[in-house]
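Here is a guided reading of one structure, taken a piece at a time. Keep the sequence and the view side by side.

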Amino acid sequence: MTGDLTVTLETLTPLWTGDVAGKCDRVHETGIIGSLRWWYEALVRGLGDRACDPTDTTCEYKPNKSNNGLCDACHVFGTTGWQRRFRLIIEDHTEPLWSPPTQMLNVRPPGRRRGWYLPPGRVGQIRLRLTGDSSVLVKMVTLLRFLERWGAIGAKPQLGYGLFRIVEIKGEPREPGGWKMQEPLPSHTSLPDLRHLAFFRFRFSPQGKGWWTRLPGMERLLGDNDTARALQQAVDREMIPVSPALKNAWRFERWQGPRDAERELFGTAFGRGDPVRSKIAVSWAYPDGDAWEVRGWVWLPAQDRELSSDALQQLWNIVRDEKAWRKVLNAPSGRLTTVPDVETWQAQSVEQVKSFLEVEP
Ligand SMILES: [Zn+2]
């Protein structure tokens, strides 16, 4: 049975779906689909099912094979010889968070030579109109509800882009989830799997209206008319770029481990070879009810050559250190919650992932 599903989203932090030229003059469908697929794969793997590595896939449509020769992610999102199981049309009601002449805001806390580069991204509402098999649309609703609570859409989630709140869901299919629950497969070291992802949320009441001006790196931006104006536009939208300040504190003030693990966990933007994506994603600050929030996640992959269990534990300790959060955000009464709520890091079970996702078996 096919259906039509409409999900309206409102941005909590700017949305970035850059094109090949590195511009984001509108919300690009490919950027949304790419991020949905990344999360969908992590979710499928977290539930113990198979999702191939899309950069090196063996999935190909073969009608005589079981599941047509496709993993669950390729079945839904498509691969060679097999179309995506839903059609997506985006109604874009967004605008840039700040206007020219400022393109990038370079947030450079004291002591950093390069700092972090933040593009404006887009803010406002987007409406996702999905058409396809009801069984697939049900999964998309689960995915979007999960991303609303804990994840993000679009690119640059590591720098806090793409958080949203669901304004309205229309045409939600009335049928059970359709997640296959079977003997779980072991997790993979190099592919995202919800069993190896942990989530955090810091809730705080800022000290005074200008609290954000004291964040490391802000003074420099406020000293220039153009960047001060861009920053003020973000502040007027109640979106405060706190991610560089937090990452700076975690990486350069707290991390004590070896250099190769540091690069694996915190990422590399420059240098030789492929850039390594940071394993930590942390959002900007946004208001929620009577307080403000910052949230994100950390991917603690199974141990491998660069990553010992000590390195993963150290990263977990750093992220879980409530005092450090309070200090960076100057929020003495702020409270941190994490999922899972454990001191010693260990991967979660499929059962834990299931209850976290709130999916019916
Ligand atoms: Zn596949």
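**The sheet and the helix across it**

I90 stands opposite L128 in β5. This is a predicted model, in which local features need pLDDT of at least 70 and side-chain atom pairs count only at pLDDT 80 or more, while totals for chains, interfaces and linings use all residues. Residues are numbered from 1 along each chain as its sequence is written.

Two strands pair if DSSP finds at least two bridges between them. Helices (H or I, at least four residues) and strands (E, at least two) are DSSP runs, numbered from the N terminus.

The open sheet has four strands in the order β2-β5-β1-β6, with antiparallel pairing. β2 (86-96) and β6 (164-170) are at the edges with a single partner strand each, so one side of each has no neighbour in the sheet.

Helix α3 has 17 residues and reaches 24 Å from its first C-alpha to its last, close to the 24 Å expected at 1.5 Å a residue. That expected span is 1.5 Å times one less than the number of residues. Among the buried residues of α3 are V136, L144 and W150. A residue is buried if 20 or more other C-beta atoms, placed from the backbone, lie within 10 Å of its own, exposed if 12 or fewer, and partly exposed in between.
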